[in-house]
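Hi,

Here is the structure I promised to pass on.

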Amino acid sequence: MSSNPSPLADRTVALLLKGYAWLPGLVRRHGHPLSTRLMGRPAVAVRGPEAVRFVYDERHVVRGPALPEPVLSTLFGKGAVHTLDGEAHRVRKAMFLSLLTDPGQVADLTEQVADAWERAVPEWAEREEIVLFDEAAVVLTRAVCRWAGVPLEEADARPLSRDLVAMVDGFATAGPRHWRARRARSRREFWAAGVVEEVRDDALAPPEGSALDVIARHRDADGLLLEPRVAGVELLNVLRPTVAVTWFVSFAGHLLHHRPDVRDRLWADDAAYLAAFVHELRRFYPFAPFVGGRAPADVSFRGEEIPEGGMVLLDLFGQNHDEELWGDPYVFRPERFLRRPVERDELVPQGGGDPARGHRCPGEAVTIALLEALTLRLARLEHEVPEQDLRISLHRVPARPRSGLRITVTGK
């Protein structure tokens, strides 16, 4: 059992102030599992492969009731698959798995993204400089809409990309970013529901098997079509996470600027090294600080009692930087993944467990494929990085290079 901090002190403000450092800092001082309070509730923080298996077992932790309203109104949407558990979750999740884990679908989306990137580069070269974070988001928006069967006029690509980015950028703050995220979600849920209704009214015919087609016609565990607003929410839950890959693209640019030796090796077209680079990128850079759920009954983990309704926090950032797992966690070293397999419950940038049965992100294979395609293109893109603020604050969730990574494209 851990030596816990004061069980009466609520740590919500500390989380908002310290960001990614909050939970690993508590664990460093008190060990794990540890008991604390968050958002007025008792909470137990855990990490490690054993903890991953515990958290993703619905006998111990359920996800839906734990999602706070601010996260639903920005990141996921009310009524989303993330709010479900049990059979309802498995049926809805199967829809996403059919779209996001099928090798053919993943390959098609990757091809669309690569094509959109190649089309964008000549236009970037004509500008004095671009912000890689912003332009990668536009590329991903164009591509995922084309792949999903969602009609998108060129003039609408940039506004849609800004809204999809805003939903991610504002979910974990109480400031202006959060209110931008709420407005973006409200605006885009209305838009996405309208697109779904057009499909159902036969006013729009997306390609058979496309994301829009599948979501518009999906029947839930009760045998009924999704209410249009909820179907729109789930359509956004395909578009938004794909566009969120822009965070990792900017991290890749950040790393390649600071490590020209890595960039040189990526030029060599070594598929194994490229895959290892992407795994290390996702491990090394901050994305989600933790995931949470609630105990459906009184349970315990390694002797730490968790009351019914208590929160369970899986420390993703801390686990991805755990010295016991990685040896030198704050050194960027892709070679570690050339010498060892990627263990499902060790590397957890997008959660853990089995995506077919639990709440692990079903789009992880898509993220990896897109990052491999875009990292290779970024490494080969002739560009310069002007003087700018490239710091990445761990107090900001989600973190990103402060400048968004401004680059000047000097060639194709």
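The second largest cavity has a volume of about 50 Å³. A cavity here is a set of points on a 1 Å grid over the protein atoms alone where a 1.4 Å probe fits but cannot get out; points are joined across faces, edges and corners, and the volume is the space filled by probe spheres set on them. By this rule there are 2 cavities of 30 Å³ or more.

One caveat: this is a predicted model, with local features needing pLDDT of at least 70 and side-chain atom pairs pLDDT 80 or more, while totals for chains, interfaces and linings use all residues. Residues are numbered from 1 along each chain as its sequence is written, and side-chain values use heavy atoms, without hydrogens or water.

Back to that cavity: its lining (residues with an atom within 4 Å of a point) includes Arg282, Tyr285, Phe287 and His321. Helix 15 (316–320) gives the most, with 3 residues. Helices are DSSP runs of H or I, at least four residues, numbered from the N terminus.

Elsewhere, helix 7 (residues 132–148) packs on helix 8 (residues 154–169) at about 110°, with axes 8 Å apart. Axes are lines fitted to C-alpha atoms over the stretch in contact, and angles run from 0 to 180 degrees between N-to-C directions. That makes the two helices roughly perpendicular (65 to 115 degrees).

Cheers

Technical notes
Parallel < 35°, antiparallel > 145°, perpendicular 65-115°, else oblique. 1 Å grid on protein atoms, 1.4 Å probe; cavity = no way out; pocket = protein on both sides within 12 Å on 5 of 7 lines; lining within 4 Å.
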